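Dear colleague,

Please find below the structure that I am handing over to you, together with its sequence. My notes on it come after the display, and I would be grateful if you read them with the structure open.

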Amino acid sequence: MLILNDEHRQRAGIGSLSKRCQYCSKAEASYPLILSDDARLAVYHAACAAALATEILVDLYTFFRPPAPYHPLSVLTASQTASPQCAVEPFRQQE
Ligand SMILES: [Zn+2]
């Protein structure tokens, strides 16, 4: 949730700007802020939320497409059956 002003902050259940950003540990101090949708109501500076999201994307990309000389260990594929579960299958490199 994007928090742009005091009204947004109060409706989100954040009492004041005195809390610290979960990413950089500095005081929130000013808007815009990002409130995560997890149960612990973590609040981030907007730039810190973007940096965290970028790190997650880079980690995911590196996991699925590691740089040489590393090779992917596995990929997630839908099961061949009608089961809603996913199966982890060995990755076969195409040559
Ligand atoms: Zn921050």
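The notes below take the sheet, a helix and then some details of the loops in turn.

Please bear in mind that this is a predicted model.

The sheet

The sheet is open and consists of three strands in the order β1-β2-β3, with antiparallel pairing. The edge positions belong to β1 (2-3) and β3 (43-45); each of these has a single partner strand, so one side of each has no neighbour in the sheet. Between β1 and β2, which run antiparallel, there are two bridges. Within this pair, Ile 3 lies opposite Leu 33 of β2.

The helix on the sheet

Helix α2 packs on the sheet, where it touches β2 and β3. The direction of α2 makes about 100° with that of β3. The length of α2 agrees with expectation, because its 19 residues should span 27 Å at 1.5 Å a residue, and its end C-alpha atoms are 27 Å apart. How many of the 19 residues of α2 are buried? The number is one, so α2 lies largely in the open.

Cis peptide bonds

Two prolines deserve a look when you inspect the backbone. The peptide bond from Tyr 31 to Pro 32 is cis, and its omega is near 5°. Pro 32 sits in the loop between α1 (6-11) and β2 (33-35). A cis peptide bond also joins Ala 68 to Pro 69, with omega at about 10°. Pro 69 belongs to the loop that runs between α2 (46-64) and β4 (74-78).

Positive phi values

The loop between α1 and β2 also holds Ser 25. Although Ser 25 is not a glycine, its phi is positive, near 65°. Is Ser 25 buried or exposed? Ser 25 counts as exposed because it has 8 C-beta neighbours inside 10 Å, the cut-off for exposed being 12 or fewer.

Ala 29 is found in the loop between α1 and β2 as well. Its phi is likewise positive in a residue other than glycine, with a value near 60°. Ala 29 has 12 C-beta neighbours inside 10 Å and therefore counts as exposed.

With kind regards

How values were computed:
Residues numbered from 1 in each chain as written. Predicted model: local features only at pLDDT ≥ 70, side-chain atom pairs only at ≥ 80, totals over all residues. Helix = DSSP H or I, 4+ residues; strand = E, 2+ residues; numbered from the N terminus. Buried ≥ 20, exposed ≤ 12 C-beta atoms within 10 Å, placed from the backbone. Pairing = 2+ DSSP bridges. Contact = placed C-beta atoms within 7 Å. Axes fitted to C-alpha atoms, helices over the stretch in contact; angles between N-to-C directions. Expected span 1.5 Å × (residues − 1).
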